[in-house]
Amino acid sequence: MKMNSKMGLALLASTALLGAAGAAAAAGPDFDGIPQSRRPPASQPYIGGAWTMPTRPKAVKTVDGKEPPLLPAARAEYQKRQADLKKDPKTDPIADCLPHGPLRIFYNQYPLLIVQESDQVDFVFEANHTYRFVDLTRGPPQLNDDTRTSTYMGYATGKWQGKTLVVDTMGFNDKTWLDGSGLPHGEKLKTEEKFTLKDANTLEGVVTITDPDNYSAPWSTSFTLKRLANYQPTEMVCVNDHKM
Amino acid sequence: MDKKRYCAVLAAAGCLAAPVSIPTSSWAQATVVTPTPRGARPAPPADGLRRDGDGAPETQWEPTPPPSDPHDLNGLWEVPRPSTALRTLDNQAPPFTPEEAKDTQRHVDAEKAGEPIADASTYCFPHGVPRVTNAPFPIRFAYSPGLIVMLYEVNHNVRFVHMDGKPAPANTPFTFLGYSVGHWDGNTLVVETDHLNNRTLLDSHTSHGPKLKVTERFTKVKANLGHTDLEVMETISDPDHFTKPFSMKRNFAFRSDLERDAGWGGLTEYACEENNRNIPDAFGISTAK
Amino acid sequence: MKTKTLALGLAAAGLTAIAAPALAHHSFAMFDNQKEVQLVGTVKDFQWTNPHTWLQVVVPNEAGTSTSEWSVEGGNPGDLARRGWKKTSLKAGDKVTVRIHPMKNGSNGGSLVGVTLADGTVVGR
């Protein structure tokens, strides 16, 4: 496939020094040197570390394998995006190096480092050095605070429910696509993400999309991340036409 | 135009002189008023309290203290009234090599002419070190096994500080934020960074080369009002641009007052590509259009 | 009386510090910080965007026979939010008095120093 320079999420720095996903993590995290106050409780599953998504469908489906329940106007927008995309790949918003937005941020070839701490979890995506901060000490943010709206990645809070990390996020703009095929969302979007370890090297994410302006009902999709052993962080910077 | 009312409004904020009409007739509604030089530091307040760029006096900072463990740097840190300028500890110009002195002057002259020479950050690339730490935006630290992750608000810069005690591996590429190795020296986090590419400036004027090494020493120290500062001592070494290493110091304030809103731990989203109207022209000159 | 003067002085100092957009993304040397221009006009668009906010203001000439549009670069949204600004602080149609450091090259633009609404409210801190 011919790579458009503007589309290219190019690795400026180097190739990632990635070890194969392996059993190295099974021994558990080494918190040596990390202050006690930052360490997650030993009772929590450890989802920290580096992850990658080996299988990445361009169009996400519901957990039942169906197309999400698009409302008529949203379906029209979705079809328009797909037609535009065929004509010009630059109509994809990530062509401008903007953050990928909710859900879609997981669907790329670059590693994700999850930093799990006592009172917060950070999702540090190598893709254009995008990070999310998940606060475990507060309830969900309020949408009506207009200093906290219209963001690409939203505002996230989370809590542990048994063995699952549940993350609530809102305060999005409507400029990103939920997947590479152009699934739309609006500013009223709320996501609920549930992260559960299936085994030491497998992390399942189930994401529920609630967006009454675009979908007739909340719907859920899921993905699987695999652990990367011997992760070396790499500086990944998106390049587009107007860069130096 | 109601100049009287306008100045009354300004007076509440310290308007010192009445507006005078600008001689250009084409936009008579635009009037020259008393200059307020940008970047001019206000005189130290008589109450002796520090203030941030957001106007909040330090009495409002730190409603809750940082963790008592000196190795736990969790929380939101921001430098009050920061300056990106390169100045030594005794407030002198850095020990430039003659070539760098000339090149720095070229940047200064370009600014004076209203044609500032852009560097990486203006194109929305990462800021470089130590510039990213000196930018006027808050930062956080996060702890992962083997790594301390520095999360910067400005252009969502992320730095990974390797705590494994090993130097940069062979063939480490030169990047905007370089390769950082950290260790604890008592209560001080020492971060040594090299492999920095030369597409960033150290401030707005001064270049660096491949031999640049930056050592940052982060220490929680006692501050005014019983508060805690995060002091950072930065030592810059680049024999191709400076005749000897030099150091700078900045103090971050602990801004738990800015952490109150849920999400992002007080950091806001800085998606630089959203609406960058300062993209440099074909000559690398920053614009505003 | 002395106290009052001091209070005014502090307010001025505060305003100066507030008004200056944070110097992180680019140099502000294209603006003439020795000069301040006051624009009286109508908001066309307030762009609450990164890396900087932008205020488009339509300014009529004295006779009211023509207008010119000015592009005013403000601080970063996160930075302004910490100073009490919101996305909704300004909207199209608002009558405003805007103080700017004008472009050195004489084009219709500048960097934001402060905004006052028609009712005298100063936006932000």
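Which residue is the bridge partner of Q120(A) in β4(A)? I looked it up, and the partner is D135(A).

**Entry 1: ground rules.** I am working on a predicted model, where local features need pLDDT of at least 70, side-chain atom pairs count only at pLDDT 80 or more, and totals for chains, interfaces and linings use all residues. Residues are numbered from 1 along each chain as its sequence is written, while chains are lettered from A and ligands numbered from 1 in the order in which they are written.

**Entry 2: strands of chain A.** I followed up on Q120(A). Strand β3 (residues 120-125) of chain A pairs with strand β4 (residues 130-135) of chain A, antiparallel, over six bridges. I noted that strands (E, at least two residues) and helices (H or I, at least four) are DSSP runs, numbered from the N terminus. Two strands pair if DSSP finds at least two bridges between them. I then traced a closed barrel of nine strands in chain A, from β1 through to β9, with mixed pairing. Its twist averages 30° from one strand to the next; axes here are lines fitted to C-alpha atoms, and angles run from 0 to 180 degrees between N-to-C directions.

**Entry 3: chain B.** I found three helices and 10 strands in chain B. Strand β10 (residues 246-254) has two antiparallel bridges to strand β2 (residues 77-78) in chain B. There, W77(B) stands opposite F254(B). Strand β9 (residues 228-237) of chain B also pairs with β10(B), antiparallel, over eight bridges. In that pairing M233(B) faces K249(B).

**Entry 4: one helix.** I picked helix α2 (residues 98-112) of chain B. Its 15 residues reach 21 Å from first C-alpha to last, close to the 21 Å expected at 1.5 Å a residue (1.5 Å times one less than the number of residues). Which residues of α2(B) are buried? I found E100(B), T104(B) and H107(B). Buried means 20 or more other C-beta atoms within 10 Å of a residue's own, exposed means 12 or fewer, and partly exposed is in between, with C-beta atoms placed from the backbone. On the face turned away, exposed residues include P98(B), K102(B) and D109(B). After α2(B) comes G114(B), with a positive phi near 80°.

**Entry 5: the core.** I checked the largest nonpolar core, of 105 residues, where I114(A) and L151(B) touch the most other members. Such a core is a set of buried Ala, Val, Leu, Ile, Met, Phe, Trp, Tyr and Cys residues joined through C-beta atoms within 7 Å.
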